[in-house]
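Hi,

Here is the structure I said I would pass on. Have a look at it first, and then read my notes below.

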Amino acid sequence: TALLHILAGVERFSSGQVEVLGCDIRKNPSFRQGIGLVTQEPSLFQDLNVLENLDFIASLKNAGPPDIERVILQLELKDYLRYPVNSLEAGVYQRLSLACAILNSPRLLILDEVIKDIDIYSRHLILQGLEPFLASGGGVVCGFSNIEMSAYFNRVAWLEKGQMEILSPGEARDKWIQLLESFKKPGDWDAE
């Protein structure tokens, strides 16, 4: 989460250099116009309804009514437009969060645990919603704690003890299994 917040420019870092979309984020904040962010913690306007959130965020991102209609259809939000955001189930909330993030067709999406602990249909819509974004040349940096998520990406950055290693999805799954095996004690999980 901290790394994703640094990449999005919402958290400071004490050393090193970070470049996002060709911009040194300490010197040139213009990179923010090219990113969409979905945080793990609720970050939408809780006192507004779904449509009001979309309208307000569209105005901040210079997106228009066609963009709003596109994300409503893509993430199946039509039935929820008048719902207060604070009354949404977790899956619908995450669909709305992604809709807000892609309103202006950013070049880079930064997603933190976007499908964790949500219903399977919302999970499907979110993953399906990423396909046209990626097909159009967009990039995704996604933090996740469920190894199954790695299958949706072509590279996985394994971050452990401050060191990052770039792996294929298969290599990441193998490393995950090895990590689980290292926790195992003799007799654990044995079939009876």
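What share of the contacts in the protein chain with a separation of 6 or more comes from residues 24 or more positions apart? The figure is 58%. Bear in mind while reading that this is a predicted model.

First, the overall layout. The protein chain has six helices and seven strands. Along the principal axes, the C-alpha atoms fill a box of roughly 60 × 45 × 30 Å. The chain has 192 residues, and 41% of them count as buried.

Now to helix α2, which covers residues 50–60. Its buried residues are V50, L51, N53, L54, I57 and A58. Looking down the axis of α2, you find these buried residues within an arc of 160°, so they line one face of the helix. What do they pack against? Their partners are α3 (65–74) and α4.

On α3, have a look at V71. V71 is buried, and its relative accessible area is 0%. If you set aside residues up to four places away in sequence, V71 touches L54, L77, A99, I102 and L103. L54 is also one of the buried residues of α2. For a sense of distance, V71 and L7 lie 64 residues apart in sequence, and their C-alpha atoms are 24 Å apart in space.

Next comes the pair α4 (residues 90–102) and α5 (residues 120–135). Their axes come within 8 Å and cross at roughly 15°. An angle under 35 degrees counts as roughly parallel, so that is how α4 runs relative to α5. The crossing of α4 past α5 is left-handed. Which residues make the contact? From α4 they are G91, V92, Q94, R95 and L98, and from α5 they are Y121, S122, L125, I126 and L130. By type, the residues of this contact are six nonpolar, three polar and one charged.

Is Q94 buried or exposed? Q94 is buried, with a relative accessible area of 8%. Beyond its neighbours within four places in sequence, Q94 is in contact with V38, T39, E113, V114, I118 and I126. Of these, I126 belongs to the α5 side of the helix pair.

That's what I have so far. Happy to go through it together.

Cheers

Key:
Residues are numbered from 1 along each chain as its sequence is written. This is a predicted model: local features need pLDDT of at least 70, side-chain atom pairs count only at pLDDT 80 or more; totals for chains, interfaces and linings use all residues. Side-chain values use heavy atoms; hydrogens and water are left out. Axes are lines fitted to C-alpha atoms, for helices over the stretch in contact, and angles run from 0 to 180 degrees between N-to-C directions. Helices (H or I, at least four residues) and strands (E, at least two) are DSSP runs, numbered from the N terminus. Angles under 35 degrees count as roughly parallel, over 145 as roughly antiparallel, 65 to 115 as roughly perpendicular and the rest as oblique. A crossing is left-handed if the near helix is turned anticlockwise from the far one by less than a right angle, and right-handed if clockwise. Contact means heavy atoms within 4.5 Å. Ala, Val, Leu, Ile, Met, Phe, Trp, Tyr, Cys and Pro count as nonpolar, Asp, Glu, Lys and Arg as charged, and the others, Gly among them, as polar. Buried means under 20% relative accessible area, exposed over 50%, partly exposed in between (1.4 Å probe, protein chains only). The arc is that of the directions from the helix axis to the C-beta atoms.
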